[in-house]
Amino acid sequence: MRGFIDTHTHLGDAQFDSDREAVLARAAVAGVGRLVEIADEPAQWDRAISLARAHPGRMRCALGLHPYYADRYDDGFLARLKAALDATPEAVAVGEIGLDYAKSQIPREVQRHAFSALLKAGRDWGAPLVIHCRDAYLDLVLMLKERFPVVPPKGRRFWGVVHCFSGTPEEAEACAALGFALGADGPVTYKKNDSLREAFRLTGPGVTVLETDSPYLPPQSSRGKRNEPESVAEIAARLAEVWNIPIEEVARLTSANADDLFRWSR
Ligand SMILES: [Zn+2]
Ligand SMILES: [Zn+2]
């Protein structure tokens with residue numbers, strides 16, 4: 001077993017300033033071999049790139065514009081993003097980008113404008129997309145249908161990932177049918193989240209990737225605390241029950257999905 005991949009971390013967060021390397025060491029002990037660090041806005045890009053560079057073979061990064069910052073999208077944004085991606089072999093995806101109708105203070109039409117342009121750019125560049133979506137699945141599925149009317153080209157299984165998937169089972173199937181992987185996080189372990197587990201049961205291990213969104217979204221056993229990549233193991237254990245397969249199979253299948261998604265082994 002090559003181990004788990006935590007496909008979504010924010011280890012650049014100040015909450016990890018005092019013990020970042022210890023956190024990575026604990027992740028390794030828990031079987032998390034590789035990680036993808038996500039930068040939410042241009043001021044975080046350099047930090048994510050440095051982290052990935054400091055851990056070659058173990059870490060990659062994604063550069064994006066979170067819907068919390070969608071008002072920073074301007075005419076020059078795409079050119080700056082493309083330049084950063086081209087200059088950075090460690091940067092394997094565009095993200096996170098997306099829609100957040102629950103928490104973002106930015107008007108919805110401003111979020112949609114930035115997201116739509118970033119979706120098109122990512123597709124044109126052949127870059128996988130890391131998508132954030134909260135309380136906006138209706139618009140998300142509409143926009144994905146518009147931008148990705150066909151399945152990914154030969155040699156690619158996914159256009160991107162709907163990270164921390166939190167929609168209904170029907171929305172999960174719609175995203176998967178459009179060529180998007182689904183990210184499973186701590187909430188899949190919460191006692192009350194039967195509907196979310198049903199979404200992952202229906203779509204199955206063939207389209208799921210594991211992620212922690214550390215330091216956010218701790219799983220059931222550490223609710224209220226800072227989350228760490230080592231908790232991927234707890235998420236995988238819960239999914240092993242949902243799918244009724246051994247946890248080694250969960251690791252193998254979800255890591256193969258992440259490899260295909262980010263084309264890590266190229
Ligand atoms: Zn997110
Ligand atoms: Zn995130």
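Me: How many helices and strands are in the protein?
Reply: There are nine helices and eight strands in the protein. Keep in mind that this is a predicted model.

Me: What share of the residues is buried?
Reply: Buried residues are 48% of the 266.

Me: And what about contacts between residues 24 or more positions apart?
Reply: Those account for 75% of the protein's contacts with a separation of 6 or more.

Me: Let's zoom in on helix 6. Which of its residues are buried?
Reply: In helix 6, the buried ones are A172, A174, C175 and A176.

Me: What do they pack against?
Reply: The buried residues of helix 6 pack against helix 5 (137-147), strand 6 (160-162), strand 7 (180-184) and helix 7.

Me: Which residue follows helix 6, and what's its phi?
Reply: That's G179, with a positive phi near 95°.

Me: Back to helix 7. At what angle do the axes of helix 6 and helix 7 cross?
Reply: Roughly 35°, and the axes come within 8 Å. Helix 6 covers residues 169-177 and helix 7 covers residues 194-203. The crossing is right-handed.

Me: Which residues meet there?
Reply: From helix 6 you have P169, A172, E173 and A176, and from helix 7 there are S195, E198, A199, L202 and T203. By class, this contact of helix 6 with helix 7 has five nonpolar, two polar and two charged residues.

Me: A172 and A176 are both on that list. Why would residues four places apart point the same way?
Reply: An α-helix has 3.6 residues a turn, so residues three or four places apart point the same way.

Me: Now helix 8. How do helix 7 and helix 8 pack?
Reply: Helix 8 is residues 232-243, and helix 7 packs with helix 8 at an angle of about 65°, with the axes 9 Å apart. That makes helix 7 roughly perpendicular to helix 8.

Me: Is that crossing left-handed or right-handed?
Reply: Helix 7 and helix 8 cross in a right-handed way.

Me: And which residues meet in that one?
Reply: R197, F200 and R201 of helix 7 meet L239, V242 and W243 of helix 8. The contact of helix 7 with helix 8 has four nonpolar residues, two charged and no polar ones.

How values were computed: Residues are numbered from 1 along each chain as its sequence is written. Chains are lettered from A and ligands numbered from 1 in the order in which they are written. This is a predicted model: local features need pLDDT of at least 70, side-chain atom pairs count only at pLDDT 80 or more; totals for chains, interfaces and linings use all residues. Axes are lines fitted to C-alpha atoms, for helices over the stretch in contact, and angles run from 0 to 180 degrees between N-to-C directions. Helices (H or I, at least four residues) and strands (E, at least two) are DSSP runs, numbered from the N terminus. A crossing is left-handed if the near helix is turned anticlockwise from the far one by less than a right angle, and right-handed if clockwise. Two residues are in contact if their C-beta atoms, placed from the backbone, lie within 7 Å. Ala, Val, Leu, Ile, Met, Phe, Trp, Tyr, Cys and Pro count as nonpolar, Asp, Glu, Lys and Arg as charged, and the others, Gly among them, as polar. A residue is buried if 20 or more other C-beta atoms lie within 10 Å of its own, exposed if 12 or fewer, and partly exposed in between; C-beta atoms are placed from the backbone. Angles under 35 degrees count as roughly parallel, over 145 as roughly antiparallel, 65 to 115 as roughly perpendicular and the rest as oblique.
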